[in-house]
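Hi,

Here is the structure I said I would pass on.

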Amino acid sequence: MLFFNLSAFYFFYFAAVGVYIIFLPKVLHDIGYGTFDIGIIFALAPLMRFITPFLFLKHIKLDQKMFKTALYLSIVSSALFYVTIEHFFLFMINNAILGVCLSLILPYLEVTAISTLGKEKYGKSRLYGSIGFMLISLVLAKFLTQPYIALHYYLVVNILTVVFALLLLRFDIEHKTTQEKENFSFFKYWPFWVSLFFMQMSFGGFYNFFTIYETEHGISLEMTSYLWSFGVICEILMLYFQAPLLKNNLLTIIKFCVAITTFRWVLLYLYPDSLSVTFFTQSIHAFSFGLYHSSVIIYLYTLYENKKLAQQFMYGVAYGLGGFLGALIAGAVYGEYLFLYSALFSLISLITLYFVRKNQTL
């Protein structure tokens, strides 16, 4: 029952993420939002991901009561999309509140998942999230005839996410709070942190504007959904078969992933209207996200004794602050050179990796 509930939670949670990432930018664009406004709106979620952990460091306790509040508030925020979407500042505030909720829901249940299922079953359960993301991209592309249809889908899958999240609370384990004393330093490994930051900045154009970018270059919305799904399939295959690769030098693997990601962005810049080239660039997502993400997590675990804190800051600094600035800049520079900027950011990420000291490699 735990495995089923957790798999269903991941399925609907990442289906909601799919609606949010793939279709909502297109919806905003269709109802008259400018690209810079879209960039600002979609920069808020990663910004909240960066800020929220600091609030819970001293001031707020993340317990079941707070978790339930985040769940219910996420439904309220999703419902308010209907009212606020045509008003930039109201929608921006609503989106920020939703970002805070989402930054709490997944990390809270991940602890329950890993502690009760174990790493092997947890990994299998996590794959259902990728399946949910892929299916929503295929289904909604066929039925998105009006902008508000995307809001219907988002509200429904968010409600189902909350339902299964609440069912999982019966398996929740109360953990005693412990104080792990360690001088956590960014400066000791600053090249690696800078690299993480710029790598996620390079994804600002992709996560927030890929759908708009491709449809404006003659590729249909339905075909664009196939492109998203193909990238997720490649990601799933990499996650399933990557174990032997991770036995090699991790820093070398990370360098390769960043380098091929730079190549990916250059191809999207040079051939935006080539379907075959775009499918090829989507296959690189197996390395850009799948292998890269796993390698970074394991590598960080070798650098710091406080492994949980290291991972929290990875999400905050890289996916949070890096994602925030990446979305903001992508909105500001959107146009012909969008992915050339992405390639520049990932190239900076690659260069900084060569400043990592040899005694930090594995």
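What stands out on the aromatic side is one cluster made up of Phe133, Phe203, Phe206, Tyr207, Phe210, Tyr213, Trp228, Trp265 and Phe339. Before you go further, note that this is a predicted model, so local features need pLDDT of at least 70 and side-chain atom pairs count only at pLDDT 80 or more, while totals for chains, interfaces and linings use all residues. Residues are numbered from 1 along each chain as its sequence is written, and side-chain values use heavy atoms, with hydrogens and water left out.

On confidence: pLDDT is the predictor's confidence in each residue, from 0 to 100. The chain has a mean pLDDT of 85, and 88% of its residues reach 70 or more. Over residues 175-182, though, the pLDDT is below 50, and this stretch has 5 contacts in the model beyond near neighbours in sequence (a contact means heavy atoms within 4.5 Å).

Back to the rings. I paired Phe, Tyr and Trp (its six-membered ring) if the ring centres lie within 6.5 Å, calling planes under 30 degrees apart stacked, over 60 edge-to-face and the rest tilted. That rule gives 34 aromatic pairs. One of them is Phe11 with Phe12, edge-to-face at 5.2 Å centre to centre and 85° between the planes. For burial, buried means under 20% relative accessible area, exposed over 50%, and partly exposed in between (1.4 Å probe, protein chains only). Phe12 counts as buried because its relative accessibility is 18%, whereas Phe11, at 23%, counts as partly exposed.

Phe81 and Tyr154 make a stacked pair, 5.7 Å centre to centre with 20° between the planes. Phe81 lies in helix 3 (residues 64-84) and Tyr154 in helix 6 (residues 147-168), so this pair ties together parts that are 73 residues apart in sequence. Helices here are DSSP runs (H or I, at least four residues), numbered from the N terminus. Phe81 is buried at 1% relative accessible area, and Tyr154 is buried at 4%.

Two rings also carry a charge over them, meaning NZ of Lys or CZ of Arg within 6 Å of the ring centre and within 35 degrees of the ring normal. Arg264 has its charged end over the ring of Phe206, 4.5 Å from the centre, and Lys255 lies over the face of Tyr354, 4.0 Å from the ring centre.

Last, Ser349: this residue is in helix 14 (residues 338-353) and is buried, with a relative accessible area of 0%. Neighbours within four places in sequence aside, Ser349 contacts Ser195, Phe198, Met199 and Val258.

Cheers

Methods
Helix = DSSP H or I, 4+ residues; strand = E, 2+ residues; numbered from the N terminus.
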